[in-house]
Amino acid sequence: MLRVFSGEDRVATEKAVRGILGADYEVFEGENLAPGDLPSIFRGTSLFGADKRKILLKNLSENVAVWGELPKYIQTEHEVVIWEGKVDKRSVVYKELKKSGVEMRDFPMKQSPEARQVFQIFDVAMKDGEKAVKMVEKIEVTQDPYMFFGLLVTQALRAFEGRQGKRERVILKELAKTDLEMKTTSVEPWLLLKSLLCRVSSLG
């Protein structure tokens, strides 16, 4: 099966590659290939005797001659992932691959949340945790949870500096607890953050 992964988020892309190919696979750099190498890659047998090969091809689209030949090898029996930093979705090859049912996945770099946006969510969370969670659900797909948490801590510290009351102290303790959980548990970061926001309105 052939797959094409692209995008600026290298960590997420690598995770997806390993999820499909595992830890042991062959790697070919696109710039080092010639069209004549493709039959042995997509149709050749493994040097290790395995019937099904696991192959990662990197930056293949930068090699125009090789990229243009790719549609001929869509029906490969091997597990092949092509990793592109950026791919031209307007190109004939890309459109042909997509039309043929090749899995095309994009891994864009998640944006850093705006301080104003986080301030609004934190302010709402102080009064209504569930409403704050709904606000987070609208942005979490495009935002980085760790950056969001960092700005959330900044807002909490500002609130503490302005008042230094019992509630502000308790909130800082909850933030410290969430920080530890985000670093030491396997729970999804956004789930931990939503749980925190739900608790904030009842703290103190």
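Colleague: Is A34 buried, partly exposed or exposed?
Modeller: A34 counts as partly exposed, because its relative accessibility is 34%. Please keep in mind that this is a predicted model.

Colleague: Where is A34 placed?
Modeller: A34 sits in the loop between β2 (26-29) and α2 (38-42).

Colleague: And how many Å apart in space are A34 and V141?
Modeller: From C-alpha to C-alpha, A34 and V141 are 39 Å apart, and 107 residues separate them in sequence.

Colleague: Let us turn to α1. Where is E14 found, and is E14 buried or partly exposed?
Modeller: E14 is found in helix α1, which covers residues 10-21. E14 is partly exposed, because its relative accessible area is 36%. The C-alpha atom of E14 is separated by 25 Å from that of S40, 26 residues apart along the chain.

Colleague: What about T13, buried or exposed?
Modeller: T13 is buried, because its relative accessible area is 0%. T13 also has its place in helix α1.

Colleague: Which residues is T13 in contact with, leaving aside neighbours within four places in sequence?
Modeller: With those neighbours left aside, T13 is in contact with F5, W83 and F107.

Colleague: Why does E79 count as buried?
Modeller: E79 counts as buried because its relative accessibility is 14%, and buried means under 20%.

Colleague: Which residues are in contact with E79?
Modeller: Leaving aside neighbours within four places in sequence, E79 is in contact with M1, R3, I20, L21, K52, R53, K54 and I55.

Colleague: On to packing. How many residues has the largest nonpolar core?
Modeller: The largest nonpolar core has 24 residues. I121, F148, L152, I171, L175 and L197 are those with the most contacts inside it.

Colleague: Which elements give two or more residues to this core?
Modeller: Those elements are α5 (115-125), α6 (129-137), α7 (145-163), α8 (166-184) and α9 (189-200). The largest share of this core comes from α9, with 6 residues.

Colleague: At what angle do α7 and α9 pack?
Modeller: The angle between α7 and α9 is about 30 degrees, and their axes are 9 Å apart. α7 is therefore roughly parallel to α9, as angles under 35 degrees count as roughly parallel. The crossing of α7 and α9 is left-handed.

Colleague: Which residues meet there?
Modeller: From α7, P145, Y146, F148, F149 and L152 meet P189, W190, L193, L196 and L197 in α9. By class, the residues of the contact of α7 with α9 are 10 nonpolar, no polar and no charged.

Colleague: And what is the arrangement of α8 and α9?
Modeller: The axes of α8 and α9 cross at roughly 165 degrees and come within 10 Å. α8 is therefore roughly antiparallel to α9, as angles over 145 degrees count as roughly antiparallel. The crossing in which α8 passes α9 is right-handed.

Colleague: Which residues make the contact of α8 with α9?
Modeller: On the α8 side the residues are R167, I171, E174, L175, T178, E181 and M182. On the α9 side they are P189, L192, L193, L196, R199 and V200. The residues of the contact of α8 with α9 divide into 8 nonpolar, 1 polar and 4 charged.

Colleague: Finally, the backbone. What is the phi of N59?
Modeller: N59 is not a glycine, although its phi is positive, at about 55 degrees. Most residues other than glycine have a negative phi. N59 lies in the loop between β3 (54-58) and α3 (64-67), and N59 is partly exposed, with a relative accessible area of 26%.

Colleague: And what is the phi of Q164, and where is Q164 placed?
Modeller: Q164 has a positive phi of about 55 degrees, and Q164 is not a glycine. Q164 is in the loop between α7 and α8, and is partly exposed at a relative accessible area of 45%.

Definitions and conventions
Residues are numbered from 1 along each chain as its sequence is written. This is a predicted model: local features need pLDDT of at least 70, side-chain atom pairs count only at pLDDT 80 or more; totals for chains, interfaces and linings use all residues. Side-chain values use heavy atoms; hydrogens and water are left out. Helices (H or I, at least four residues) and strands (E, at least two) are DSSP runs, numbered from the N terminus. Buried means under 20% relative accessible area, exposed over 50%, partly exposed in between (1.4 Å probe, protein chains only). A nonpolar core is a set of buried Ala, Val, Leu, Ile, Met, Phe, Trp, Tyr and Cys residues joined through side-chain atoms within 4.5 Å. Axes are lines fitted to C-alpha atoms, for helices over the stretch in contact, and angles run from 0 to 180 degrees between N-to-C directions. Angles under 35 degrees count as roughly parallel, over 145 as roughly antiparallel, 65 to 115 as roughly perpendicular and the rest as oblique. A crossing is left-handed if the near helix is turned anticlockwise from the far one by less than a right angle, and right-handed if clockwise. Contact means heavy atoms within 4.5 Å. Ala, Val, Leu, Ile, Met, Phe, Trp, Tyr, Cys and Pro count as nonpolar, Asp, Glu, Lys and Arg as charged, and the others, Gly among them, as polar.
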